[in-house]
Amino acid sequence: MGNFFIIAAILLPIISGFGLLQLKIKNEQTIQLYSEYFVIAASLAVWLGILNGPHKLFTLYNFSKGFSIDFYMDPLSMLFAGMVSIMWPFVLLYAFEYMKGEKELKGFIAFFIMTYGITLGIALSGNILTLYVFFEMLSLVTIPLVSFYQDHDSMYAGRYYACFVIGGAALAFIAVVVTTVNAGGVFVYGGYRMDGLSDKFLNVVYLLAFFGFGVKAAVFPFHSWLPIASVAPTPVTALLHAVAVVNSGVYAIIRVSYYIFSTDFLHGSGAQYAAMSAVLFTIIYAAGKALKERHFKRRLAYSTISNLSYMLFGIVLFTKAGMIAGMAHMLFHGIIKMSLFLCAGAFMHVTGKNYVFEINGIAKKMPLTFTLYTVGALSLTGVPLFCGFISKWKLFTAGAADGSVFGIVGIICLILAAFLCAIYTLTVSIRAFFPVSGTDFNYGREIHDPGVYMLIPIIFFTAANIILGIFPQLIIGFLDYVAGGI
């Protein structure tokens, strides 16, 4: 029965999205009801699978010996699939109001819900080959979403995005083949030794996987596609920058690091030093770029790049505490950044403006939106009683417990990046609530908070941010269970 839930969760959005492209439906409300129905049905399938899980590995299709499409649901799958399954229906609801009246709405919604099924395919993959297949499919199905508006900037962003993510997959493919041939590629907590291969070669293979899958996690120097992709509609950028694409990269690196390679082998290796160096540089570099950026969504995009490397810092420590911290920040950052992007999208949708200086005084017109934005900004900075504090504290303690030079340098980088984060997020709130006299760019305009379809998701993610900040044990115990390899 568990196998049925896994297949249903993956196929329902993919088939229904493809079907929407074929159906001659023009009524906007019908499109909304159709898409929300199948997205919720897929989410229910995910949770029925979780409540009846974990589930053993099963093979859907066998190409040849060692190369097959396998699925299963272990605790790590539950975390990522559960996270995605809760977020997607809310963002789709937001998209109904944000995309209202768009000529190509049906095509947008079709690719949007297909992306959901493919992301679940990544979450529920049972081996590295299956993960890679869905990883590539995710690249292809999100290109039309990035270039949706079909203007010069959108088409350029789509091509730029395609070059990076497909190029990254080419690097990762080498590691997929090597690990499948030599270790079978099936995910086993603790990984494989692969004693028949030299340590230097395995270090190179791991780095190919790290940077190949890390393109979607926006590791320097493969990060620049993320702010450029911000030209996409906000429902797309929210999911690209908070859940689907970027966290798929982080998730793939967790699988490679803890379920394919042996952490005993990786800890203290040249591969760890190279990966950690890239991660620590990315944390500071991207935070500095966010501080400098004046476009609202691009500022949040650079913030995402920095925070993705927060997660990777924990993961690349190759310790249980580091894995827990990395997973915690993957979940909590997704919740926080979802609310921030949706608030930014609400501002841009209602006002037609895009830049930070144009926010001056907007809180008089959109008080609820920017109050909720401020809660997210405080959490992302790491203020206690919000979930961002919990995951950042876990990262600090994991770095300290590791005791290595990289652990200590990592803590310093996290503190500096948190200071920069406070500046680039909270200055937006200060502009919104306390504009300098004569700089209110929205004075006299008929502007107000967005409609209920856009507010419900923002309120939901803000509530989750606060609840998990006050009661972190609701999730931290499960993360300990995941990192225990049960």
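Asp 480 is partly exposed, with a relative accessible area of 36%; partly exposed lies between buried, under 20% relative accessible area, and exposed, over 50%, taken with a 1.4 Å probe and protein chains only. Before I continue, please note that this is a predicted model, in which local features need pLDDT of at least 70 and side-chain atom pairs count only at pLDDT 80 or more, while totals for chains, interfaces and linings use all residues. Residues are numbered from 1 along each chain as its sequence is written, and side-chain values use heavy atoms, with hydrogens and water left out.

I begin with the salt bridges. A salt bridge here is a side-chain nitrogen of Lys or Arg within 4 Å of a carboxyl oxygen of Asp or Glu. By this rule there are 3 salt bridges. Asp 480 pairs with Lys 320, and their closest N and O atoms are 3.4 Å apart. Asp 480 belongs to helix α19 and Lys 320 to helix α14, so this pair links parts of the chain 160 residues apart; helices are DSSP runs (H or I, at least four residues) and strands likewise (E, at least two), numbered from the N terminus. Lys 320 is also partly exposed, at 42% relative accessibility.

Arg 255 and Asp 74 form another salt bridge, with 2.8 Å between the closest N and O atoms. Which parts does this pair tie together? Arg 255 sits in helix α10 (residues 244-260) and Asp 74 in the loop between β2 (67-73) and α3, so the pair joins parts that are 181 residues apart in sequence. Arg 255 is buried, at a relative accessible area of 0%, and Asp 74 is buried at 8%.

Glu 293 and Arg 298 also meet through their side chains in a salt bridge, at 3.5 Å from N to O. Glu 293 is buried at 16%, whereas Arg 298 is partly exposed at 26%.

I turn now to the pockets. A pocket is an open set of points on a 1 Å grid over the protein atoms alone, where a 1.4 Å probe fits, with protein on both sides within 12 Å along at least five of seven lines; lining residues have an atom within 4 Å of a point. The largest pocket holds about 400 Å³ of space. Its lining has 17 residues, and Trp 47, Met 83, Ile 86, Leu 331 and Ile 475 lie nearest its centre. Which element supplies the largest share of this lining? That element is α3, with 6 residues. The lining of the largest pocket comprises 16 nonpolar residues, 1 polar and no charged.

The second largest pocket has a volume of about 220 Å³. Among its 16 lining residues, Tyr 149, Val 231, Ala 232, Met 348 and Asn 354 are the closest to its centre. Two or more lining residues come from each of α6 (152-183) and α14. This lining divides into 6 nonpolar, 7 polar and 3 charged residues.

Finally, the surface. Leu 385, Ile 466, Ile 467, Ile 470, Phe 471 and Leu 474 form a nonpolar patch with about 570 Å² of accessible area together. Such a patch takes residues with over 30% relative accessible area and no salt bridge, joining nonpolar side chains (Val, Leu, Ile, Met, Phe, Trp, Tyr) within 5 Å. Helix α18 (residues 452-470) gives the largest share of the patch, 3 residues. Ile 470 is found in this helix, and at 43% relative accessibility Ile 470 counts as partly exposed.

Conventions. Patches are made of residues with over 30% relative accessible area and no salt bridge: like charges are joined within 9 Å, nonpolar side chains (Val, Leu, Ile, Met, Phe, Trp, Tyr) within 5 Å. Accessible areas come from the Shrake-Rupley method with a 1.4 Å probe; for residues, only the protein chains shown count as cover. Grid points are joined across faces, edges and corners, and a volume is the space filled by probe spheres set on the points. Ala, Val, Leu, Ile, Met, Phe, Trp, Tyr, Cys and Pro count as nonpolar, Asp, Glu, Lys and Arg as charged, and the others, Gly among them, as polar.
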